[in-house]
Amino acid sequence: MIKKSVTMSDIAKAMNVSTVTVSKALGDRDGVSENLRERIKQKAAEMGYRMHTGAHAMKDGLTYNIGIIVAKHFISEPSAFYWIMYKHLVELLQRHNYYGMLEVVEDGTNGSCEIPNSIRDKKVDGLILLGQFSDDYIDKLMAFFIPTVFLDCYGTREDAETVLFDSYHGAYTITSHLIANGHRKIAFVGNINSISSIQDRYLGYCKALLENRIALRQDWVISDRDRDGEIYKTFELPAEMPTAFMCSCDEVAFKLVNQLTAGGYKIPDDFSVAGYDNHTYSTMCQPHLTTIDVNSQSMASEAVDIILHKIRDGSYKRGRTLVAGKLIRRDSVKNLYS
């Protein structure tokens, strides 16, 4: 039996409103309050309503596609943080009858990336840049004058709409937590010449050391990845070991724990290890990682809200949006006072 398509009339009956009201809400037209508009869209999504985007696009000149651009090395593994972010983006866009079109480019750190055909052919209404890209590549994309939001990255452009996790404060928080547990010999594991989020985490780490009058040791700043962003399988550890490691992400912390365990050490009895992100690797690790929870759902929600506003109003400006996280205490950090 063929399933009957959900119509605006069906939604109107379910919401006890007129079909005209449903049409205005789904088409983002005036005459409907913001609260009712969101409730109608939510009900439409629950009932499986699909906008006839072809006819709709002919009427308003929109494609109802958003290009989500990410560098290949950021999504090299199914458990990668950016796959989670992409999933959130697609689900949120669907609620507004938009499609999220994933565009994978070879390298996000130099200007040699190709411009996707969907951009050249004007097949998207807006762009969400996910992860780090060079200023040169960003300039090439912005030259197409397509509404753009930068998600979890930023460059030097002053006209960029950016959504960032507050990596600086998160790293400050988790380093302060290590210090509060008696650790004064703390290493940072991350390539500070890599992406901006790692640089911000390094600066947060430095602030916590500075506030507690702990000297920064360069031999305790350990690179975690190569110039192409590929995380090392093992890390070059210092001759004199710290008591704790603050890692740039959970995947790095997971690999470090495995390396130390293989060397005969016990975590956290011999060394404490803290991660960052609170995603897959944090609970794969044994013991489970103390980490910073990055609210990827909120970050994606902010990015979608901004891009839709920019599509409707070309003069719309939000600037930089910071999303806060929280400390997750688990078993990978030892209290040296107890």
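A residue counts as buried under 20% relative accessible area, as exposed over 50%, and as partly exposed in between. H288 has a relative accessible area of 30%, so it is partly exposed. That residue is one stop on a walk through this model, which is predicted.

Start with the whole chain. It has twelve helices and twelve strands. Along the principal axes, the C-alpha trace spans about 70 × 45 × 40 Å. The chain holds 338 residues, and 52% of them are buried. Its accessible surface comes to about 16,500 Å². Carbon and sulfur atoms account for 50% of that surface. Now take the contacts between residues at least 6 apart in sequence. Of these, 65% join residues at least 24 apart.

Back to H288. It sits in the loop between α11 (280–284) and β10 (291–293). Setting aside residues up to four places away in sequence, H288 touches S282, T283, R330, D331 and S332. For a sense of distance, take G204. H288 and G204 are 84 residues apart in sequence and 23 Å apart in space, C-alpha to C-alpha.

A cis peptide bond joins Q286 and P287, with omega at about 0°. A cis bond also joins I267 and P268, and there omega is about 10°. P268 is placed in the loop between α10 (250–262) and β9. Why remark on these bonds? Most peptide bonds are trans.

Most residues other than glycine have a negative phi. N16 is not a glycine, yet its phi is positive, about 60°. N16 is found in the loop between α1 (8–15) and α2 (19–26). Its relative accessibility is 72%, so N16 counts as exposed. K122 also has a positive phi, near 60°. K122 lies in the loop between α6 (117–120) and β3 (126–130). With a relative accessible area of 67%, K122 is exposed.

D277 gives a contrasting setting. This residue lies in the loop between β9 (272–274) and α11. Is D277 buried or exposed? Its relative accessible area is 10%, so D277 is buried. Leaving out neighbours within four places in sequence, D277 is in contact with R201, C249, D250, T291, I292, D293 and V294. D277 and M246 are 31 residues apart in sequence and 12 Å apart in space, C-alpha to C-alpha.

Next comes the empty space. Rolling a probe the size of a water molecule over the atoms shows where such space is left. How many cavities of 30 Å³ or more does a search of the whole structure find? It finds one. The largest cavity has a volume of about 40 Å³. Its lining is made of D152, Y154, L164, F165, S167, S196, S197 and D200. The elements that give two or more residues to this lining are β5 (161–165) and α9 (196–211). The largest share, three residues, comes from α9. By class, the lining of the largest cavity divides into three nonpolar, three polar and two charged residues.

Not counting residues up to four places away in sequence, S197 touches D152 and S167. D152 and S167 are themselves among the lining residues of the largest cavity.

Finish with an open site. The second largest pocket has a volume of about 390 Å³. Which of its 17 lining residues are the closest to its centre? They are E34, E38, K41, H96 and D305. Three helices, α3 (34–47), α5 (81–95) and α12 (296–312), each supply at least two residues of the lining of this pocket. The largest share, six residues, comes from α12. The lining of the second largest pocket has three nonpolar, four polar and ten charged residues.

Technical notes:
Residues are numbered from 1 along each chain as its sequence is written. This is a predicted model: local features need pLDDT of at least 70, side-chain atom pairs count only at pLDDT 80 or more; totals for chains, interfaces and linings use all residues. Side-chain values use heavy atoms; hydrogens and water are left out. On a 1 Å grid over the protein atoms alone, a cavity is a set of points where a 1.4 Å probe fits but cannot get out, and a pocket is an open set with protein on both sides within 12 Å along at least five of seven lines; lining residues have an atom within 4 Å of a point. Grid points are joined across faces, edges and corners, and a volume is the space filled by probe spheres set on the points. Helices (H or I, at least four residues) and strands (E, at least two) are DSSP runs, numbered from the N terminus. Ala, Val, Leu, Ile, Met, Phe, Trp, Tyr, Cys and Pro count as nonpolar, Asp, Glu, Lys and Arg as charged, and the others, Gly among them, as polar. Buried means under 20% relative accessible area, exposed over 50%, partly exposed in between (1.4 Å probe, protein chains only). Contact means heavy atoms within 4.5 Å. Accessible areas come from the Shrake-Rupley method with a 1.4 Å probe; for residues, only the protein chains shown count as cover.
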